[in-house]
Amino acid sequence: MEKNGFLRTIRRVPPGSQVELIQLWHGDRPVAEVTVPHGRERDFAAIADALRQLQTAGFHFLPLAKADATVSRCFVSHEKDLVQKALEAARRGDHRQFGEMMGFPASAIDAFVHKEAMLSEEDISASIGFRNWHFHLRFAKAHPEDMHAYLARGYAHLLDDAPDLMLDMLPKEEDPRAYLASVRQFVGA
């Protein structure tokens with residue numbers, strides 16, 4: 001599957017999951033998590049169709065299944081065994097293995113597992129120059145350089161591949177042009 005076909009296909013999954021799938025496409029994470037909030041079951045058919053299309057292009061996944069009282073999810077990867085490993089890590093609550101499967105920085109995983117200081121959303125916003133609406137994970141306070149590298153890579157991919165997705169995920173009060181200008185400055189684009 002070529003990149004434009006991939007990007008068209010994933011438009012049928014929820015926005016946050018599209019971000020993860022774009023990271024997967026670029027090799028920034030071994031596994032992406034596709035989540036669907038309960039109450040959005042009408043979206044399952046379109047999402048399942050998108051997943052089947054990804055499967056024909058060589059991606060692997062397990063069917064959407066209830067993860068908890070609020071969300072159903074599945075994992076997608078280029079490697080079949082990683083899909084199962086991610087599911088098992090999530091079920092066991094193995095934060096280290098789950099973080100590794102999601103491609104999180106090692107410093108962020110270590111800080112989370114050992115309950116060390118983490119950067120707040122305010123810290124992240126102050127450091128990068130805009131509110132981080134697209135990558136929802138915690139970063140180690142002791143290693144802001146890992147946060148910068150992770151976010152710069154992720155935002156560069158979004159600017160190149162899916163700027164409309166970025167804008168769709170912004171709250172209404174956010175100025176889209178100013179936001180994109182801040183992101184471009186951050187990634188050096």
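## Stop one: the loop between α6 and α7

Select Met 118, which is found in the loop between α6 and α7. Bear in mind throughout that this is a predicted model. Is Met 118 buried or exposed? Its relative accessibility is 13%, so Met 118 counts as buried, the cut-off being under 20%.

Now show what surrounds Met 118. Leaving aside neighbours within four places in sequence, Met 118 is in contact with Ala 108, Ala 111, Phe 112, Asp 123, Arg 138, Phe 139, Ala 140 and Lys 141. Pick out Ala 140 from that group: Met 118 and Ala 140 are 22 residues apart in sequence, yet their C-alpha atoms are 4.5 Å apart in space.

Stay in this loop and select Lys 115, which also lies between α6 and α7 (121–128). Lys 115 has a relative accessibility of 74% and therefore counts as exposed, the cut-off being over 50%. Check its backbone as well: phi of Lys 115 is near 55°, a positive value in a residue other than glycine. Most residues other than glycine have a negative phi.

## Stop two: helix α2

Select residues 15–25, which make up α2. How many of the 11 residues of α2 are buried? Eight are, and the helix is mostly covered. The buried residues are Ser 17, Gln 18, Val 19, Glu 20, Leu 21, Ile 22, Gln 23 and Leu 24. Display the elements around them: what covers these buried residues includes α1, β1, α3, β4, α8 and α9 (163–168).

Zoom in on Gln 18, in helix α2. Gln 18 is buried, with a relative accessible area of 9%. Its side chain reaches the backbone oxygen of Val 13 at 2.9 Å. Not counting residues up to four places away in sequence, Gln 18 touches Ile 10, Arg 11, Val 13 and Leu 165.

Then step past the end of the helix. Just after α2, Gly 27 takes a positive phi of about 80°.

## Stop three: Arg 29

Continue to Arg 29, in the loop between α2 and β1. Arg 29 counts as buried, at 5% relative accessibility. Show polar contacts for its side chain. One, of 3.0 Å, joins the side chains of Arg 29 and Gln 23. A polar atom of the Arg 29 side chain also lies 3.4 Å from the backbone oxygen of Met 102.

Not counting residues up to four places away in sequence, they are Glu 20, Gln 23, Leu 24, Met 102, Gly 103, Phe 104 and Tyr 150.

## Stop four: the largest pocket

The largest pocket has a volume of about 660 Å³. It is lined by 30 residues, and those nearest its centre are Glu 20, Glu 33, Phe 98, Phe 104 and His 136. Which element supplies the largest share of the lining? That is α2, with six residues. At least two lining residues each come from α2, β1, α4 (80–92), α5 (95–101) and α6 (106–113).

## Stop five: helix α3

Select residues 44–56, helix α3. Its 13 residues reach 18 Å from the first C-alpha to the last, close to the 18 Å expected at 1.5 Å a residue. Colour Ile 47, Ala 50, Leu 51 and Leu 54, which are buried. They cover an arc of only 100° around the axis, so they sit on the same side of α3.

Which elements do the buried residues of α3 pack against? They are α1 (3–10), α2 (15–25), β1 (31–37), β2 (60–61) and β4 (71–77). Just after the helix, Gly 58 takes a positive phi of about 105°.

## Last stop: Ala 152

Finish at Ala 152, in helix α8 (residues 144–161). Ala 152 is partly exposed, with a relative accessible area of 23%. Leaving aside neighbours within four places in sequence, Ala 152 is in contact with Phe 186 and Val 187. For a distance across the model, pick Lys 3 too: Lys 3 and Ala 152 are 149 residues apart along the chain, and their C-alpha atoms are separated by 20 Å.

Key: Residues numbered from 1 in each chain as written. Predicted model: local features only at pLDDT ≥ 70, side-chain atom pairs only at ≥ 80, totals over all residues. Heavy atoms only, no water. Helix = DSSP H or I, 4+ residues; strand = E, 2+ residues; numbered from the N terminus. Buried < 20%, exposed > 50% of the residue type's maximum accessible area, 1.4 Å probe, protein only. Contact = heavy atoms within 4.5 Å. Expected span 1.5 Å × (residues − 1). Arc of directions from axis to C-beta. Polar contact = N/O pair within 3.5 Å; in protein donor to acceptor, adjacent residues only side chain to side chain. 1 Å grid on protein atoms, 1.4 Å probe; cavity = no way out; pocket = protein on both sides within 12 Å on 5 of 7 lines; lining within 4 Å. Points joined across faces, edges and corners; volume = space filled by probe spheres on them.
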